[in-house]
Amino acid sequence: MGLITVSGEPGSHHEEVARLTAQRLHFELVNDSRLGAMIAEEFGADAAIPDRAWRHVAAHILARLATEHHLVVATAGAEMLFRNFPNWLRVDVVAPEARRVGALMIDRGLDRAAARRSLGELEAALRQERKRRFGRVTAPATLFDITLNSEALDSEHMAALLEEAAKIRGILE
């Protein structure tokens, strides 16, 4: 089955791109909350997965699901979960800071100063989460097949590009 991972900076709307891509391709969407629920179902709601094991647990659950369905996975670090997985497209969504601040202002109803603070907090939390789970705070560009900039493209445009990329790569087959 096909797999598309969509990662992105806070405020870049990468989750929306993932959702729209999944809809366009009729793939199953797995986001942070869905993955968390699947982990809780597998290991119990009270089970605490050690940070060093999270990568392996997530990869196991997603690989099993990917044998049954085409997937779009939108969770931090998804581009680092699989090695040598056939039919895999790794996507990164970026945007300039001003654009991401503006997105948070609109999405959360914040003024510019509060949105800037919120963005800083979200970026710090993402770096900490990546460090705990993967041992690095950022993902090098070489881990991605496609990088999309949401400054010039809206979510629908990016989803359309990913639909075409999936067709070109043969992920639908």
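Confidence in the predicted model is lowest in helix 3, residues 51-66, where the mean pLDDT of the protein chain is 91. The highest value is found in helix 1, residues 14-25, with a mean of 97. Averaged over the protein chain, pLDDT is 93, and 100% of the residues reach a score of at least 70.

The secondary structure of the protein chain comprises six helices and five strands. Read from the N terminus, these elements follow the order β-α-β-α-α-β-β-α-α-β-α.

Along the principal axes, the C-alpha atoms occupy a box of roughly 45 × 40 × 25 Å.

Of the 173 residues in the protein chain, 44% are classed as buried. When contacts between residues at least 6 apart in sequence are considered, 72% of them connect residues at least 24 apart.

The accessible surface of the protein chain amounts to about 9,000 Å², and carbon and sulfur atoms contribute 51% of this area. As to charge, the protein chain carries 22 positive and 25 negative side chains. The centres of the positive and negative sets are separated by 5 Å.

Definitions and conventions:
Residues are numbered from 1 along each chain as its sequence is written. This is a predicted model: local features need pLDDT of at least 70, side-chain atom pairs count only at pLDDT 80 or more; totals for chains, interfaces and linings use all residues. Side-chain values use heavy atoms; hydrogens and water are left out. pLDDT is the predictor's confidence in each residue, from 0 to 100. Helices (H or I, at least four residues) and strands (E, at least two) are DSSP runs, numbered from the N terminus. Buried means under 20% relative accessible area, exposed over 50%, partly exposed in between (1.4 Å probe, protein chains only). Contact means heavy atoms within 4.5 Å. Accessible areas come from the Shrake-Rupley method with a 1.4 Å probe; for residues, only the protein chains shown count as cover. Lys and Arg count as positive and Asp and Glu as negative; His and the chain ends are not counted. The place of a charge is taken as NZ of Lys, CZ of Arg, CG of Asp or CD of Glu.
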